[in-house]
Amino acid sequence: MAWFSFTGTDQNNPSHYTLAPTQPSCPGTTSLCAIQAANNGSDRPVLSDPLKAEIQQALGNGQPTANVKMKD
């Protein structure tokens with residue numbers, strides 16, 4: 001598992017994430033900051049259905065989860 005910073009506009013597109021060397025610091029709850037996921041071998045996250053659901057949950061309630069970090 002690795003951390004990926006969200007750097008685009010589509011949370012369901014692996015190319016909108018950048019591999020992070022360490023867990024990003026993301027204070028706040030307004031928008032998606034980073035996710036923890038398996039690396040697909042090309043330094044992009046594997047966006048499984050459970051992870052997509054976790055991202056939607058975090059965005060919906062503004063609360064980070066074990067694998068989803070939020071920011072202001």
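A compact globule of 72 residues would have a value near 11 Å, and the protein chain has 11 Å, so the two agree. The radius is taken over C-alpha atoms, and the globule rule is 2.2 Å times the number of residues to the power 0.38. This is a predicted model, where local features need pLDDT of at least 70 and side-chain atom pairs count only at pLDDT 80 or more, while totals for chains, interfaces and linings use all residues. Residues are numbered from 1 along each chain as its sequence is written, and side-chain values use heavy atoms, with hydrogens and water left out.

**The whole chain**

Show the C-alpha atoms. Along the principal axes they fill a box of roughly 30 × 25 × 20 Å. Switch to a cartoon. In sequence order the pattern is β-β-β-α-β. Helices (H or I, at least four residues) and strands (E, at least two) are DSSP runs, numbered from the N terminus.

The protein chain exposes about 4000 Å², and carbon and sulfur atoms supply 48% of that. Such areas come from the Shrake-Rupley method with a 1.4 Å probe; for residues, only the protein chains shown count as cover. How many of the 72 residues count as buried? The share is 36%. Buried means under 20% relative accessible area, exposed means over 50%, and partly exposed lies in between (1.4 Å probe, protein chains only).

Look at the contacts next. A contact means heavy atoms within 4.5 Å. Of the contacts in the protein chain with a separation of 6 or more, 58% come from residues 24 or more positions apart.

Colour the charges. The protein chain has 4 positive and 5 negative charges, and their mean positions are 4 Å apart. Lys and Arg count as positive, Asp and Glu as negative; His and the chain ends are not counted. Each charge is placed at NZ of Lys, CZ of Arg, CG of Asp or CD of Glu.

**Stop 1: Phe6 and Tyr17**

Select the aromatic rings. Rings of Phe, Tyr and Trp (its six-membered ring) pair if their centres lie within 6.5 Å; planes under 30 degrees apart count as stacked, over 60 as edge-to-face and the rest as tilted. The count by this rule is one aromatic pair. The ring centres of Phe6 and Tyr17 are 5.2 Å apart and the planes stand at 55 degrees, so this pair is tilted. It links distant parts of the chain: Phe6 is in strand S1 (residues 2-6) and Tyr17 is in strand S2 (residues 17-19), eleven residues apart.

**Stop 2**

Step to Thr9, in the loop between S1 and S2. Thr9 is exposed, with 72% relative accessibility. Draw a C-alpha line from Thr9 to Leu32: they are 23 residues apart in sequence and 9.7 Å apart in space.

Move on to Pro21, in the loop between S2 and S3. Pro21 is exposed too, at 82%. Its C-alpha atom is 9.8 Å from that of Ser5, 16 residues away along the chain.

**Stop 3: Asp43**

Go to the loop between strand S3 (31-37) and helix H1 (49-61), where Asp43 sits. With a relative accessible area of 41%, Asp43 is partly exposed.

**Stop 4: Gln36 and Asn67**

Select Gln36, in strand S3. Gln36 is partly exposed at 21%. Leaving out residues up to four places away in sequence, Gln36 touches Met1, Ala2, Trp3, Leu51, Ala66 and Asn67.

Finish at Asn67, in the loop between H1 and strand S4 (68-71). Asn67 is buried, at 18%. Beyond its neighbours within four places in sequence, Asn67 is in contact with Met1, Trp3, Ala34, Ile35, Gln36, Leu51 and Glu54.
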